[in-house]
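Please examine the sequence and the three-dimensional model shown here.

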Amino acid sequence: MNWIFLVIAGLFEVAFAFCLGKAKETTGNEMYLWYLGFLITCSISMILLIKATQALPIGTAYAVWTGIGAVGTVLVGIVVFKEPATFLRLLFISTLICSIVGLKVVSH
């Protein structure tokens, strides 16, 4: 169950990065709504990370959380914000995914 909390926390990390990107693109009240979304998703992500680290090793949990956030944010950047999907970017994201899976496999 703690791994599920951790994965969901990582997805909320992607969500708060998405909110920051959208806030950057907007102005006025819409910008403030995206910042509110950032605060809400950031809070949920942290709460779930705290819950997951009660049973998982902190080093593993934090690395997986940031890894999910990094991979997800890069993918959102490519798909939503039209950032470049170069070969090297995708190669390094692939190695990050392999590292996240490796940490899950070797953790107790």
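This is a predicted model: local features need pLDDT of at least 70, side-chain atom pairs count only at pLDDT 80 or more; totals for chains, interfaces and linings use all residues.

Residues are numbered from 1 along each chain as its sequence is written, and side-chain values use heavy atoms, with hydrogens and water left out.

The protein chain contains four helices and zero strands. Helices (H or I, at least four residues) and strands (E, at least two) are DSSP runs, numbered from the N terminus. Along the sequence, the pattern reads α-α-α-α. The C-alpha trace spans about 50 × 35 × 15 Å along its principal axes. Of the 108 residues in the protein chain, 35% are buried; buried means under 20% relative accessible area, exposed means over 50%, and partly exposed lies in between (1.4 Å probe, protein chains only).

How do the helices pack? Helix H1 (residues 2–25) and H2 meet at an angle of about 160°, and their axes are 8 Å apart. H1 is therefore roughly antiparallel to H2. For helix H3 (residues 58–79) and helix H4 (residues 87–106), the angle is about 150° and the axes are 10 Å apart. H3 and H4 are therefore also roughly antiparallel to each other. Axes are lines fitted to C-alpha atoms, for helices over the stretch in contact, and angles run from 0 to 180 degrees between N-to-C directions. Angles under 35 degrees count as roughly parallel, over 145 as roughly antiparallel, 65 to 115 as roughly perpendicular, and the rest as oblique. The crossing of H1 and H2 is left-handed, and the crossing of H3 and H4 is left-handed. A crossing is called left-handed if the near helix is turned anticlockwise from the far one by less than a right angle, and right-handed if clockwise.

Attention now turns to charged side chains. A salt bridge is a side-chain nitrogen of Lys or Arg within 4 Å of a carboxyl oxygen of Asp or Glu, and by this rule there are two salt bridges. One joins Glu 25 and Lys 22 (3.7 Å, N to O). Both residues lie in helix H1, three residues apart, about one turn of the helix. Lys 22 has a relative accessible area of 22%, so this residue is partly exposed. Another salt bridge joins Arg 89 and Glu 83 (3.2 Å, N to O). Arg 89 is partly exposed because its relative accessibility is 27%, and Glu 83 is partly exposed at 34%.

The surface also carries a nonpolar patch, formed by Leu 33, Leu 36, Ile 40 and Ile 44, with about 350 Å² of accessible area together. Patches are made of residues with over 30% relative accessible area and no salt bridge; like charges are joined within 9 Å, and nonpolar side chains (Val, Leu, Ile, Met, Phe, Trp, Tyr) within 5 Å. Accessible areas come from the Shrake-Rupley method with a 1.4 Å probe, and for residues only the protein chains shown count as cover. Ile 44 is found in helix H2 (residues 28–53).

Most residues other than glycine have a negative phi. Lys 82, a residue other than glycine, has a positive phi near 55°. Lys 82 is placed in the loop between H3 and H4, and its relative accessibility of 67% means that Lys 82 counts as exposed.
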